[in-house]
Amino acid sequence: MLHAAPIAVPGSPHVIVVGNEKGGSGKTTIAMHVAVALLQQGQRVGTIDLDSNQKGLTRYIENRRIWANYRRIELAAPLHRDIPRAEGKRLEDNEAEELAAFEAAIASVSESVDFLVIDTPSTDTYLMRLAHLIADTLLTPLTDSFLDFGTLGAIDPITCEITAMGHYGAMVCEARRHRRQFDRSQIDWVVIRNRSSLSRLVERSLGQLGGRLGFRHLEGCAERVVYRQFFTSGLTALDPLDQATLGDRANRSHQAAQQETRDLIELLRLPINDRARRRAAARAEWFASANAPLAADDVLAD
Ligand SMILES: Nc1ncnc2c1ncn2[C@@H]1O[C@H](COP(=O)(O)OP(=O)(O)O)[C@@H](O)[C@H]1O
Ligand SMILES: [Mg+2]
């Protein structure tokens, strides 16, 4: 059962939920990349990890802090909260306890952030459903395989036509219906092809299903080993991939990952606050020039 009314999000940050019932599709990786992309554009970002078993996003952010200390560099990090799993005997008590923890986490960050990125588990849990109800943008990473496609829809093996809605697809549609009734908001649902091998068949079927379920789909990231390596250092493809940060020289795979991630963020069309973006750009320029040797023009200027 879905909650009767979405819980209130005080301060009204833009809520980005990353969800799919398929594990390993790249939810945590995408959540971290989106959070870092927004921080780099001067936005204030909060993150919530609802995957109380894996705690992938929590560990990713913790690794980032450890890596920054180790390399003696500054790495911007979001204001993070994780929700511990309630371990009581009664399901209703556990749900009530987790709901209270989730509401408290939202309340503790949302007054001070512009964006809230919520990473969800791959299982259908009460909080995972609730998160989908409060999403303004829903990102669903999907690997390039018809097996994984099943969470969204079933496909006829001969014609590749869509024959039925998948469990996760149906859950999102219900969440959207609820949300529309509650405050007439539209959730921008974006399916992102991740670990992609550019399969045309999957692309065609996604196009069909997107028309029926109301999502847009984007080309995300190719399968690249660098994404797995980023986790241990808490880095993303959007960080400066130089000797100081990476501890190594960026290779072609790093550069390709950086480009495709930048393209993806652009295509998400998130409501980025332009003043904050300009402030961040000016700050980055100032830092860069503070480290650079003075040019002759600067020295001779009146
Ligand atoms: N584009 C990619 N290429 C290669 N490996 C990836 C890619 N995206 C994610 N991974 C790796 O796949 C695994 C699962 O990703 P993760 O983000 O944890 O998925 P989820 O949160 O959906 O379970 C992790 O080891 C991650 O580093
Ligand atoms: Mg995860």
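Reader: In which sense do strand E2 and strand E4 pair, and over how many bridges?

Author: This is a predicted model, where local features need pLDDT of at least 70, side-chain atom pairs count only at pLDDT 80 or more, and totals for chains, interfaces and linings use all residues. Residues are numbered from 1 along each chain as its sequence is written, chains are lettered from A and ligands numbered from 1 in the order in which they are written, and side-chain values use heavy atoms, leaving out hydrogens and water. Strands (E, at least two residues) and helices (H or I, at least four) are DSSP runs numbered from the N terminus, and two strands pair if DSSP finds at least two bridges between them. E2 (residues 45-49) and E4 (residues 115-119) pair in the parallel sense, over five bridges.

Reader: Which residue of E4 stands opposite Asp49?

Author: Asp49 ends E2, which covers residues 45-49. Its opposite number in E4 is Asp119.

Reader: What is the strand order of the open sheet of seven strands?

Author: Strands of a sheet pair through backbone hydrogen bonds, either parallel or antiparallel. Here the pairing is parallel. The edges are E3 (79-82) and E9 (216-219), each pairing on one side only. The order is E3-E2-E4-E1-E5-E8-E9.

Reader: At what angle does helix H3 run to E3?

Author: Angles run from 0 to 180 degrees between N-to-C directions, with axes fitted to C-alpha atoms, for helices over the stretch in contact. H3 (residues 91-110) lies across E2, E3 and E4. Its angle to E3 is about 170°.

Reader: Is Thr137 buried or exposed?

Author: Thr137 is found in strand E5 (residues 137-143). Buried means under 20% relative accessible area and exposed over 50%, with partly exposed in between (1.4 Å probe, protein chains only). Thr137 has 3% relative accessibility, so it counts as buried.

Reader: Which side chain makes a polar contact with the side chain of Thr137?

Author: Contact means heavy atoms within 4.5 Å. Beyond four places in sequence, Thr137 touches residues including Val15, Ile187 and Leu270. A polar contact is an N or O pair within 3.5 Å; within protein, one atom must be able to donate a hydrogen and the other to accept it, and residues adjacent in sequence count only if both atoms are side-chain atoms. At 2.7 Å, the partner is His14.

Reader: Where do the buried residues of helix H8 lie, and within what arc?

Author: In H8 (residues 225-233), Val226, Tyr227, Phe230 and Ser233 are buried. On the other side, Arg228 and Thr232 are exposed. The arc uses directions from the helix axis to the C-beta atoms. The buried residues line one face of H8, because they fall within an arc of 115°.
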